[in-house]
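I opened my notebook to look around one protein model, one stop at a time.

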Amino acid sequence: MTRPVVLLAEELSPATIEVFGDDADVRHVDGTDRGALLAAVADADALLVRSATTVDAEVFAAARSLKVVARAGVGLDNVDVPAATSAGVMVINAPTSNITSAAELAVALILASLRNLGRADASVKAGRWERKQLTGVELLGKTVGVVGFGRIGQLVAERLRPFGVNLLAYDPYVNHARAAELGARVVELDQLMRESDIVTVHMPKTPETTGLIGAEEFALAKPDLHVVNAARGGLIDEEALHVALTTGQIAAAALDVYSSEPPAASETAKRLLELDNVTLTPHLGASTAEAQEKAGVAVAKSVRLALAGELVPDAVNVAGGAIDDEVRPGVALADRLGQLFTTLAGEAPELLDIEVHGEIATRDVTALKLSALRGLFRSVVTEQVSYVNAPVLAEERGIGVQLVTDETSERFRNVITLRGTLRSGEVVSVSGTLSGVDQEHKLTEVFGHALDLAMSDHLLIIRYEDGPGLIGTYGQRLGAAGINIAGMQVSRAGSVRGAEALVVLNLDESVDREFAEELGAAIEARSIHAVDLVY
């Protein structure tokens, strides 16, 4: 029997290679040598890379037998996932390989900032002895605000508790009971900023979280606040941070990530390099021997599973196992409905029903449930969400998830619905279907309003009290901003004027949050949501 060819395009640990044993023909190539890579990948069944090798459509075109690409790390910036999917190639990464390392670095940065360790090191090496000038503060008894209480945020909280700190947590998607188990009290962001002595950030970077902590938040802070970001660059507004640090609004900051890396490449970030009250590290969150080893071994094990046709826990673009041909087209739709639900709900539901109605309900639709959960958590957590870890993420947050199947469907052949109950008791629901030969994604219901509208990548969803002239108002404002409406549908909850109306607009481009809020205020909207969908 011919052994599969596993191509290593970058240096990986001996332990990684040992995973394959004698069951694979392991070959090596320099992934940065484009010609050599394209030649070597032609016969490969699997390709393993780190961050230096670019795996794009050209690579997939050259690969005759490639079944799986594995990135021994967390990010996938150097792998063209849509191109891989089009080529039928599974993409794997190691989403949890660095979470312990990232959490430990955040704790280290907190201590380094409180005790001026960076300045102290530089001072002694320069021949100075500045004990008095470098007096720090203790962590004992301080209030630490953890912004983002997912896996890494929770690991940070676990490690900080023995220091005798008071823990606050801000995360719209966290379960209060789980936070309480870790000794943390869940609060809103403004309260966290007012009460904290240290703030450490562990959110994913999305349009909603970019600049999450800015001038308004720093204005609420204590003058002795220390801010730490070892998550994603851009979560903290660097211009506002510079102002807060230089005017005495806050005491200090410690950063491992930047809006532009290295920070010297950005004029805004570069100004932070000049400040004595800032501790800086060069994106070291995953830079430990253990994290690198875990990443390599984890993806090697996943590659073995993929080559054997078994379930792959960390596959990011397929469900890691066989999917019924009738169900497969709905996987992407379920993912996008999950993304839409998260934007509309604004928080994690207490209970979530994933309903599948119609003919496909007679099939195994587990993949639709997994895909909906994957979409739900795409913008919520810092780690890559896979079809296998998505249910774990739901369980960690105390979300009760139920798959409901019903072979009947009144309006459409098949419909997927996500129906979630929030802590307030409010029910949020979104539904969609596939239409026509091209299996076009359509919205069939949002917030209980019946629809029949194509689902584009950029949506604007507005709820308001129906009245004359309102469509013209938001249409004119979008036009003045140069934003084209590609399609729209209005649904009214009743037959009389003044009933709640819901409009879904398909736009040709994204709308930022500030513009959306201004537009909503102009028509006194009950709610307005700008949604950008990916798959």
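I began with an open sheet of seven strands, ordered 8-7-6-9-10-11-12, and its pairing is parallel. At the edges I found strand 8 (184-186) and strand 12 (278-280), each of which pairs on one side only. From one strand to the next, the twist averages 20°. I kept in mind that this is a predicted model.

A reminder to myself: strands of a sheet pair through backbone hydrogen bonds, and the pairing can be parallel or antiparallel.

How many bridges join strand 6 to strand 7? I noted five between strand 6 (residues 143-147) and strand 7 (residues 166-170), and the two run parallel. I then looked up Val146 and found that its bridge partner in strand 7 is Ala169.

**Entry three: a surface patch.** Next I turned to the surface, where Ile471, Met488 and Val490 form a nonpolar patch. Together they have about 220 Å² of accessible area. I placed Met488 in strand 20 (residues 485-492). Met488 counts as partly exposed because its relative accessibility is 34%, which falls between the cut-offs of 20% and 50%.

Is His529 buried or exposed? I located His529 in strand 22 (residues 527-532). Its relative accessible area is 16%, and buried means under 20%, so His529 is buried.

Key:
Residues numbered from 1 in each chain as written. Predicted model: local features only at pLDDT ≥ 70, side-chain atom pairs only at ≥ 80, totals over all residues. Heavy atoms only, no water. Pairing = 2+ DSSP bridges. Helix = DSSP H or I, 4+ residues; strand = E, 2+ residues; numbered from the N terminus. Axes fitted to C-alpha atoms, helices over the stretch in contact; angles between N-to-C directions. Patch = residues over 30% accessible without salt bridge, like charges linked within 9 Å, V, L, I, M, F, W, Y side chains within 5 Å. Areas by Shrake-Rupley, 256 points an atom, 1.4 Å probe, with all protein chains shown as cover. Salt bridge = Lys/Arg side-chain N within 4 Å of Asp/Glu carboxyl O. Buried < 20%, exposed > 50% of the residue type's maximum accessible area, 1.4 Å probe, protein only.
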